[in-house]
Amino acid sequence: MHNPDKNTDNANIGVVLTDPDDWTANAFLTNVRKRGANAIPINLATLSASISASDFAIFDTDLKDLLALDAIIVRDVGISFDLEQISFKFDLLRQFETANIPVMNSPTAIRNAANKFFSFYLFKQAQLPIPHTVVTSDLGVALKATKEFGIAVAKPIFGSQGKGIVKLESTQPDMKQKLATLLKERGVLYLQAFVPNPGRDIRVFVVGEEALGAIYRISQTGSFISNLSQGGTALKCDLTEEMRALAVNAAKAVGADFAGVDLIEGDEGLFVLEVNATPSGKGITLACGIDVTERVIERMFERGLRV
Ligand SMILES: Nc1ncnc2c1ncn2[C@@H]1O[C@H](COP(=O)(O)OP(=O)(O)O)[C@@H](O)[C@H]1O
Ligand SMILES: [Mg+2]
């Protein structure tokens, strides 16, 4: 399906993005063009498909035939909680793959990583260290888990940028009511043991089998959430062998060719918190001085273009 020997000059590479001003999206476009290929920005929310008994086409607003692309790199599919829209976007990505267009990361990897329950199952299968997590729609089970954890965090199963994450302390007298309200809001509760940590987490950028660099993300005073989008600050982190192995294996577990892997330092060692299969390259590139997006594009060409 992939042809690594195909000439990259004038190859047509789609870059799936939503925000034309996004640093990582622009870095991908620039690095594709540096290789002599054409970079075509694609916003999945603006694509159309046409199906008849004899034909199938996917095209953008300029009516460009996107099934003629040579490869696709996904920066960002866009946050959408509309079931029909999000499944249409993923079906488009799957159709590109079916048409023999290499898509990186693959829609399967992006879907695995975005799902904090399914990805934890994959991490467990890969024997990676993860904090104990209970997913339930039963208030009694939720209450019992929170008590057992002592301190828990509730997260959306499909969430990002630290949004919707709340800390629950089992000693709070109104815990049952709090959980009941959350359960009503969310329909299902994702509860995880809070990992006591030094007020920071570690974001490792992985491409293929290699951990390219890492940053500590130090959470703002008064917050336990260290995402840069929540006011966390980035500081270069020197990778240890343990960090490298965990990050590479976590990315591999979800099937990602490139990823941002979140690790947290517990008292007894590191835990994997999540894999982001549509990671920002900005924080690591600026803090470590390695253009991770260049390496991602290199990997895409190494994997090969459509035959
Ligand atoms: N179990 C936990 N214990 C302590 N802190 C956590 C835990 N889970 C998440 N956090 C904090 O919240 C941040 C966001 O959590 P994460 O699981 O990476 O979700 P998101 O997809 O929103 O980034 C982490 O970077 C970390 O700072
Ligand atoms: Mg995260």
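Residues are numbered from 1 along each chain as its sequence is written, and chains are lettered from A and ligands numbered from 1 in the order in which they are written. In this predicted model local features need pLDDT of at least 70, side-chain atom pairs count only at pLDDT 80 or more, and totals for chains, interfaces and linings use all residues, while side-chain values use heavy atoms, with hydrogens and water left out.

Me: How many helices and strands does the protein chain have?
Reply: There are nine helices and 17 strands. Both are DSSP runs, numbered from the N terminus: helices are H or I with at least four residues, strands are E with at least two.

Me: Why does the radius of gyration agree with that of a compact globule?
Reply: The radius is taken over C-alpha atoms, and the globule rule is 2.2 Å times the number of residues to the power 0.38. For 307 residues the rule gives a value near 19 Å, and the protein chain has 20 Å, so the two agree. Along its principal axes, the C-alpha trace spans about 65 × 45 × 35 Å.

Me: What makes L63 count as exposed?
Reply: Exposed means over 50% relative accessible area, buried means under 20%, and partly exposed is in between (1.4 Å probe, protein chains only). L63 has 63% relative accessibility, so it counts as exposed. Its place is the loop between β5 (56–59) and β6.

Me: Why is Q127 called exposed?
Reply: Its relative accessibility is 72%, and therefore Q127 counts as exposed. Q127 sits in the loop between α4 and β8 (133–136).

Me: Why is Q95 called partly exposed?
Reply: Q95 has a relative accessible area of 32%, so it is partly exposed. Q95 belongs to helix α2 (residues 83–98).

Me: Which residues is Q95 in contact with, leaving aside its neighbours within four places in sequence?
Reply: They are F56, I58 and L67. Contact means heavy atoms within 4.5 Å. Q95 and F56 are 39 residues apart in sequence, yet their C-alpha atoms are 9.9 Å apart in space.

Me: What percentage of the residues in the protein chain is buried?
Reply: Buried residues make up 48% of the 307. In helix α3 (residues 107–114), the buried ones are P107, A109, I110, N112 and A113. Their cover includes β6 (71–74), α2, β7 (103–104), α4 (116–125), α7 (241–254) and β16.

Me: Which peptide bond is cis, with omega near -10°?
Reply: That bond runs from M104 to N105. N105 is in the loop between β7 and α3.

Me: What makes a space a cavity or a pocket?
Reply: On a 1 Å grid over the protein atoms alone, a cavity is a set of points where a 1.4 Å probe fits but cannot get out. A pocket is an open set with protein on both sides within 12 Å along at least five of seven lines. Lining residues have an atom within 4 Å of a point. Grid points are joined across faces, edges and corners, and a volume is the space filled by probe spheres set on the points. By this rule there is one cavity of 30 Å³ or more. The largest cavity holds about 370 Å³, and the largest pocket about 1400 Å³.

Me: How do you know that the largest cavity lies between domain 2 and domain 3?
Reply: Domain bounds come from an automatic or database domain assignment. Domain 2 (133–193) and domain 3 (196–277) both give residues to the lining, so the cavity lies between them. The lining has 27 residues, and K155, I165, F224, N227 and L273 lie nearest the centre.

Me: Which helix gives the most to the lining of the largest pocket?
Reply: Helix α2 does, with six residues. In total 47 residues line this pocket, with I79, G159, S160, N276 and T278 nearest its centre.
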